[in-house]
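Welcome to this short briefing. Take a look at the protein below, and then we will go through it topic by topic.

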Amino acid sequence: MLDAEPDMEVVGEATDGDRAVSLARSLKPDVILLDLVMPGKEGAQAIREIKRDNPEARILVLTGFDTDDQVFPAIEAGASGYLLKDSSPLELRRAVREVYEGKTALHPNIALKLVQKLNHASDLKPTEEPLTPREMEVLTLVARGLTNQEIGDELWISENTVGAHVSNILAKLHLANRTQAALYAVQKGLVKPATETASPPAADT
């Protein structure tokens with residue numbers, strides 16, 4: 001299905017977690033579509049190793065499991081998106097494109113789980129150094145799913161400057177990635193959860 005898309009090409013397929021890590025290292029695909037329960041290396045460990053080799057790797061989880069012990073380790077390991085296998089072909093294609101663009105793609109059930117976890121988190125360390133007004137602006141736009149380039153265009157600053165702001169935000173808030181930053185912004189009321197604001201999906205053209 002993905003190979004049939006004019007802007008997508010499947011460059012490799014792996015039958016287990018170890019092979020997935022090896023192929024990710026050698027092929028360096030734009031987007032890695034990964035299951036969690038696999039022979040050999042399990043999903044969260046594979047994500048950690050892929051991200052260790054290539055911190056810029058964009059990983060979209062596609063799995064049938066939505067239990068806490070699967071969802072949270074995958075997000076914490078650095079997954080950029082999390083879809084369930086009941087997602088439609090349209091949702092899958094859209095998620096691949098969103099992850100490629102640097103956005104976060106979450107199944108509504110997973111987004112709700114993560115928001116609830118943050119709302120009840122007791123171990124989220126308060127920042128000792130408050131965010132600057134500019135960092136607050138950047139965080140809000142990250143939570144709305146904008147890429148660094150789009151944030152730069154919005155705020156009239158360079159993409160590199162946006163990247164520096166995002167790094168500072170993650171360091172100050174003790175967060176691992178953009179997904180966690182977006183959910184932090186939801187928890188703090190900077191933006192509404194996607195499940196509250198999502199508009200009907202656009203036609204697939």
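Axes are lines fitted to C-alpha atoms, for helices over the stretch in contact, and angles run from 0 to 180 degrees between N-to-C directions. Helices (H or I, at least four residues) and strands (E, at least two) are DSSP runs, numbered from the N terminus. What you see is a predicted model, where local features need pLDDT of at least 70, side-chain atom pairs count only at pLDDT 80 or more, and totals for chains, interfaces and linings use all residues. Residues are numbered from 1 along each chain as its sequence is written, and side-chain values use heavy atoms, with hydrogens and water left out.

**The whole protein**

- The protein contains ten helices and four strands.
- Starting at the N terminus, its elements follow the order α-β-α-β-α-β-α-β-α-α-α-α-α-α.
- The protein has 205 residues, and 42% of them count as buried (under 20% relative accessible area; exposed is over 50%, and partly exposed lies in between, with a 1.4 Å probe and protein chains only).
- Take the contacts (heavy atoms within 4.5 Å) between residues at least 6 apart in sequence: 60% of these join residues at least 24 apart.

**Helix 6 with helix 7**

- Helix 6 (residues 133-143) and helix 7 (residues 148-155) have axes that come within 10 Å and cross at roughly 130°.
- That angle makes helix 6 oblique to helix 7, because angles under 35 degrees count as roughly parallel, over 145 as roughly antiparallel, 65 to 115 as roughly perpendicular and the rest as oblique.
- On the helix 6 side, the contact is made by Arg134, Glu137, Val138, Leu141 and Val142, and on the helix 7 side by Ile151, Glu154 and Leu155.
- This contact of helix 6 with helix 7 has five nonpolar residues (Ala, Val, Leu, Ile, Met, Phe, Trp, Tyr, Cys and Pro), no polar ones (the others, Gly among them) and three charged ones (Asp, Glu, Lys and Arg).

**Helix 6 with helix 8**

- The axes of helix 6 and helix 8 (residues 159-173) also come within 10 Å, crossing at roughly 95°.
- Helix 6 is therefore roughly perpendicular to helix 8.
- Arg134, Glu135, Val138, Leu139 and Val142 of helix 6 meet Val162, His165, Val166, Asn168, Ile169, Lys172 and Leu173 of helix 8.
- Seven nonpolar, two polar and three charged residues make up the contact of helix 6 with helix 8.

**A look at Gln45**

- Gln45 sits in helix 2 (residues 43-53).
- With a relative accessible area of 28%, Gln45 is partly exposed.
- Gln45 and Pro73 are 28 residues apart in sequence, and their C-alpha atoms are 8.9 Å apart in space.
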